[in-house]
Amino acid sequence: MSNQQSMDKSDILLDISGLTKSYTANKTALSDVGFTLHRGELVSVIGPSGAGKSTLLRCINRMIEPTSGSIVFNGTEITGLKRSKLRAVRRKISMIFQHYNLVHRLTTIENVLHGRLGYKSTLAGMLGRYDEGEKMKALNILAQLEILEYAYVRTDQLSGGQKQRVGIARALVQDPLLMLCDEPIASLDPKSSRIIMGYLRAIVDIYGISCLVNLHQVDIAKEYSDRIIALGAGKMVFDGSPDALTAATIEKVYGMSAQDKAITPQILQEPINA
Ligand SMILES: Nc1ncnc2c1ncn2[C@@H]1O[C@H](COP(=O)(O)OP(=O)(O)O)[C@@H](O)[C@H]1O
Ligand SMILES: [Mg+2]
């Protein structure tokens with residue numbers, strides 16, 4: 001967001017402070033992390049493998065319980081929430097994964113409709129009962145993501161970039177306020193990566209949904225984000241505008257030069273599949 005000074009408190013969707021997570025007694029994956037995310041803001045979290053990026057997202061959607069600290073989402077403290085209240089919060093937070101997490105023997109539309117499961121009773125969900133409105137919504141989203149023609153195709157027939165668009169569609173049909181994206185482009189070639197980042201950017205700009213995106217690629221983070229947060233060994237090293245992220249900070253975070261980091265080793269290793 002270009003003009004953060006003009007935002008008031010009601011623009012804050014997520015307010016994290018003192019967030020600490022230790023998986024074991026002698027190892028801290030996240031240490032005293034704190035930041036805010038505004039409505040309609042796309043923030044990237046960068047940092048090397050093991051920095052704590054996934055742990056951060058898992059704490060926010062409460063897949064794991066933080067050791068200490070506060071996470072206020074849409075005005076509600078969500079640490080310690082149980083059952084129905086947790087379920088209500090999770091409905092408004094959707095996830096996008098590196099490996100898409102699709103059910104490959106099902107069609108695109110069936111996968112997308114899984115995004116509605118949080119709104120259903122277990123039985124209705126198991127029976128795959130979705131109403132016409134939900135189906136129309138899913139088809140509309142597929143059209144916007146330009147994969148409508150694959151609606152009734154099994155997702156194992158799709159390229160990596162198309163699979164990730166199905167992942168985005170499933171996240172959108174959920175009507176989220178926040179999308180958490182854990183390395184959404186780490187398995188994609190450079191061209192598909194840009195297409196996916198372009199869609200995330202457009203979703204934030206058009207729908208005002210907030211997006212927190214874990215990324216390896218500093219260059220991509222700089223290009224598509226309103227703000228960047230850098231994690232190094234579980235600690236926040238930087239929180240600011242892409243322009244303010246200096247080569248020195250990047251070097252500190254990665255322990256190597258920014259130039260080396262401009263090309264992601266993962267991209268060189270992964271087969272091009274989009
Ligand atoms: N379930 C777990 N149990 C124990 N340690 C874990 C677990 N998940 C992650 N870790 C450790 O926490 C640290 C942060 O991991 P992670 O959040 O996955 O980092 P990133 O996503 O930035 O690669 C690493 O040292 C990792 O080994
Ligand atoms: Mg990770």
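A: We begin with a cut-off: a residue is called buried when its relative accessible area is under 20%, exposed when that area is over 50%, and partly exposed in between. Keep in mind that this model is predicted. With a relative accessible area of 0%, E41 is therefore buried.

Q: Which residue forms a salt bridge with E41?

A: The general idea is that side chains of opposite charge can pair when their charged atoms come close. E41 pairs with R227, and their closest N and O atoms are 3.1 Å apart. The two sit in distant parts of the chain, 186 residues apart: E41 is in the loop between β2 (27-38) and β3 (42-46), and R227 is in strand β9 (residues 227-232). R227 has a relative accessible area of 5%, so R227 is buried.

Q: How many salt bridges are there by this rule?

A: The count comes to 13. One of them joins K137 and D175, with the closest N and O atoms 3.0 Å apart. Because K137 belongs to helix α5 and D175 to the loop between α6 (160-173) and β7 (178-182), this pair ties together parts that are 38 residues apart in sequence. K137 counts as partly exposed, at 27% relative accessibility. D175 also falls in the partly exposed class, at 33%.

Q: Which residues are linked with K137 and D175 in a network of salt bridges?

A: R116, K120 and E134 are linked with K137 and D175 in that network.

Q: How far apart are R201 and D205 in helix α7?

A: They are four residues apart, about one turn of the helix, which spans residues 190-207. R201 counts as buried because its relative accessibility is 17%, whereas D205 is exposed, with a relative accessible area of 51%.

Q: Which residues of helix α9 are buried, and why are they said to be on the same side?

A: To read a helix, sort its residues by burial and then look at where they point around the axis. In α9 (residues 247-254), the buried residues are T249, I250, V253 and Y254. They cover an arc of only 120° around the axis, so they lie on the same side of α9. A248 and K252 are exposed on the other side of α9. After α9 comes G255, with a positive phi near 65°.

Q: Which residues make a nonpolar surface patch?

A: A patch of about 340 Å² is made by L123, M126 and L127. L127 lies in the loop between α4 (122-126) and α5 (132-144).

Q: What surrounds ligand 1?

A: Around ligand 1 are Y23, K27, A29, P48, S49, G50, A51, G52, K53, S54 and T55. A51 places a backbone N or O atom 3.2 Å from an oxygen atom of the ligand. From K53, a polar side-chain atom lies 2.8 Å from a ligand oxygen atom. For T55, an N or O atom in the side chain is 2.5 Å from an oxygen atom of ligand 1. Of the 560 Å² of accessible area that ligand 1 has on its own, the protein covers 62%.

Conventions: Residues are numbered from 1 along each chain as its sequence is written. Chains are lettered from A and ligands numbered from 1 in the order in which they are written. This is a predicted model: local features need pLDDT of at least 70, side-chain atom pairs count only at pLDDT 80 or more; totals for chains, interfaces and linings use all residues. Side-chain values use heavy atoms; hydrogens and water are left out. Patches are made of residues with over 30% relative accessible area and no salt bridge: like charges are joined within 9 Å, nonpolar side chains (Val, Leu, Ile, Met, Phe, Trp, Tyr) within 5 Å. Accessible areas come from the Shrake-Rupley method with a 1.4 Å probe; for residues, only the protein chains shown count as cover. A salt bridge is a side-chain nitrogen of Lys or Arg within 4 Å of a carboxyl oxygen of Asp or Glu. Buried means under 20% relative accessible area, exposed over 50%, partly exposed in between (1.4 Å probe, protein chains only). The arc is that of the directions from the helix axis to the C-beta atoms. A residue is near a molecule or strand if one of its heavy atoms lies within 4 Å of it. A polar contact is a pair of N or O atoms within 3.5 Å; within protein, one must be able to donate a hydrogen and the other to accept it, and residues adjacent in sequence count only if both atoms are side-chain atoms.
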